[in-house]
Amino acid sequence: MTQQRLDCMKEPLAEGDWVAYVRPYYHDLGIGKILRFTPKQMRVEPIGKTVKPGDLVYANNTVKLDSEKIIIKILSQDF
């Protein structure tokens with residue numbers, strides 16, 4: 001049985017969801033797509049793919065985003 005992951009707003013997370021998260025080591029805001037879950041964390045591919053394997057983050061350090069907001073963000077800035 002797999003454990004359901006929840007973001008900091010108690011919304012369920014799934015692979016392929018877009019999230020805002022605190023980037024490890026940089027401590028700034030990142031936006032990315034959930035690639036897969038590990039036993040304790042999840043792998044997130046940031047917009048612009050600046051990191052090869054993606055970032056490992058805890059689910060409670062993320063906020064799930066609507067797809068429409070992500071499209072607007074990508075189109076409004078250069079990545």
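Tyr25 is located in the loop that lies between strand E1 (18-22) and strand E2 (29-37); strands are DSSP runs of E with at least two residues, and they are numbered from the N terminus. The model is predicted: local features need pLDDT of at least 70, side-chain atom pairs count only at pLDDT 80 or more, and totals for chains, interfaces and linings use all residues. Residues are numbered from 1 along each chain as its sequence is written, and side-chain values use heavy atoms, with hydrogens and water left out.

**Backbone geometry and exposure**

- Most residues other than glycine have a negative phi.
- Tyr25, although not a glycine, has a positive phi of about 75°.
- Tyr25 counts as exposed because its relative accessibility is 77%, where exposed means over 50% relative accessible area, buried under 20% and partly exposed in between (1.4 Å probe, protein chains only).
- The C-alpha atom of Tyr25 is separated by 9.9 Å from that of Asp55, 30 residues apart along the chain.
- Lys10, in the segment before E1, also is not a glycine and has a positive phi of about 65°.
- With a relative accessible area of 62%, Lys10 is exposed.

**Nonpolar core**

- The largest nonpolar core has 8 residues, namely Leu13, Val19, Tyr21, Ile34, Met42, Val44, Val57 and Ala59; such a core is a set of buried Ala, Val, Leu, Ile, Met, Phe, Trp, Tyr and Cys residues joined through side-chain atoms within 4.5 Å.
- E1 and strand E3 (42-46) are the elements that give two or more residues to this core.
- Ala59 touches Arg5, Leu6, Asp7, Cys8, Leu13 and Met42, not counting residues up to four places away in sequence; contact means heavy atoms within 4.5 Å.

Note on methods
Helix = DSSP H or I, 4+ residues; strand = E, 2+ residues; numbered from the N terminus.
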